[in-house]
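Student: I would like a close look at one part of this structure. Please keep to the charged side chains and how they pair.

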Amino acid sequence: MRSDWNRPSEYSLPGEGERRIMLRLSYDGSEYHGWQSQGDVVSVQNVLSEVLSRILGSDVTVFGSGRTDAGVHALSQVCHFDTVSSIAPEKYSVILNTNLPKSIRILSSAEAPEGFHARFTTMSREYWYLVKDNRNMLPWDDKHVLGVKSLPDISLLNEYAHLLFGTHDFTTFASARDISESKTRDIYVSEWDVINDSFGYPVYRYRTAGNAFLYHQVRSMVGTMLEAAAAGRDSDYFRHILESRDRSLAGRTASPYGLYLADISYDEGKYQWFEDMYGQKHS
């Protein structure tokens with residue numbers, strides 16, 4: 001629960017004469033090796049830092065709300081940077097969109113509220129995962145939607161999804177590369193629904209929101225749900241996988257290309273109902 005979150009009590013704030021600028025942005029992850037700067041590969045953070053540094057005439061460090069892996073997209077990522085520039089905060093979206101590649105778009109720019117840090121003051125993250133029947137895949141769906149042989153029973157998928165709601169140890173769905181000391185996470189939303197793409201074709205969408213996620217957690221949950229549903233496994237089978245905390249029982253990790261970071265929220269009240277209803281059970 002929130003009282004158990006392992007967050008630093010102190011973090012960097014703007015220096016004297018500096019302002020903290022908050023950016024909300026969207027990007028096509030298929031062109032990048034993830035959000036985070038890593039060596040010589042091209043990342044969203046790298047590109048954004050380089051463009052800002054060129055515009056402002058000095059080195060700029062950009063801090064994101066969290067990383068997205070190579071191939072993962074963002075509908076609404078959040079980051080910040082500190083600057084002494086007198087450029088009006090709301091002008092950065094226009095200036096950056098003129099200079100950034102089309103695969104990155106700044107949705108808004110504003111001066112950050114006092115005490116804000118893109119990563120450490122985040123209250124929740126929401127992800128979407130999109131799946132289509134191979135027969136309805138369009139040329140531009142490649143690297144943006146997961147195509148499957150046939151869409152499984154969505155009611156069965158939702159039986160599994162309901163089991164993921166709440167506070168659980170998600171060791172089963174954590175990558176071997178995850179270094180988190182605790183694998184327990186709070187999941188506020190876990191549900192499948194059907195939406196239509198721009199051309200009217202049905203798309204299965206998995207929505208999940210939580211305080212934080214383990215490395216590859218969402219993709220592992222999706223891959224396991226799809227495999228179990230395709231085999232007609234009942235919810236008791238999926239419950240066993242979750243409660244086993246055994247990574248070897250999880251299904252194949254779903255492709256990064258169907259995953260979207262859909263929202264980052266800094267609203268302390270957004271999921272307060274979850275704390276009120278379930279926090280006492282785990283305190």
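Student: Is Lys-183 buried or exposed, and what is its relative accessible area?

Tutor: Lys-183 is buried, because its relative accessible area is 17%. On this scale buried means under 20% relative accessible area, exposed means over 50%, and partly exposed lies in between, with a 1.4 Å probe and protein chains only. The model is predicted, so local features need pLDDT of at least 70 and side-chain atom pairs count only at pLDDT 80 or more, while totals for chains, interfaces and linings use all residues. Residues are numbered from 1 along each chain as its sequence is written, and side-chain values use heavy atoms, with hydrogens and water left out.

Lys-183 has a partner: it forms a salt bridge with Asp-178, with 3.7 Å between the closest N and O atoms. A salt bridge here is a side-chain nitrogen of Lys or Arg within 4 Å of a carboxyl oxygen of Asp or Glu. Asp-178 is also buried, at a relative accessible area of 11%. In general, side chains of opposite charge can pair when their charged atoms come close. The whole structure holds 13 salt bridges.

Another of these pairs is Asp-193 with Arg-205, at 2.6 Å from N to O. This pair links distant parts of the chain, 12 residues apart: Asp-193 sits in strand 8 (residues 184-196) and Arg-205 in strand 9 (residues 202-210). Strands are DSSP runs of E with at least two residues, helices are runs of H or I with at least four, and both are numbered from the N terminus. Asp-193 is partly exposed at 22% relative accessible area, whereas Arg-205 is buried at 13%.

UniProt, in an unreviewed entry, places the feature "active site" at Asp-69; its positions are given in the numbering used here, feature names are shortened, and annotations may be inferred rather than shown by experiment. Asp-69 lies in the loop between strand 2 (63-64) and strand 3 (73-83). Asp-69 forms a salt bridge with Arg-67, in which the closest N and O atoms are 3.7 Å apart. Asp-69 is buried, with a relative accessible area of 14%, while Arg-67 is partly exposed at 40%.
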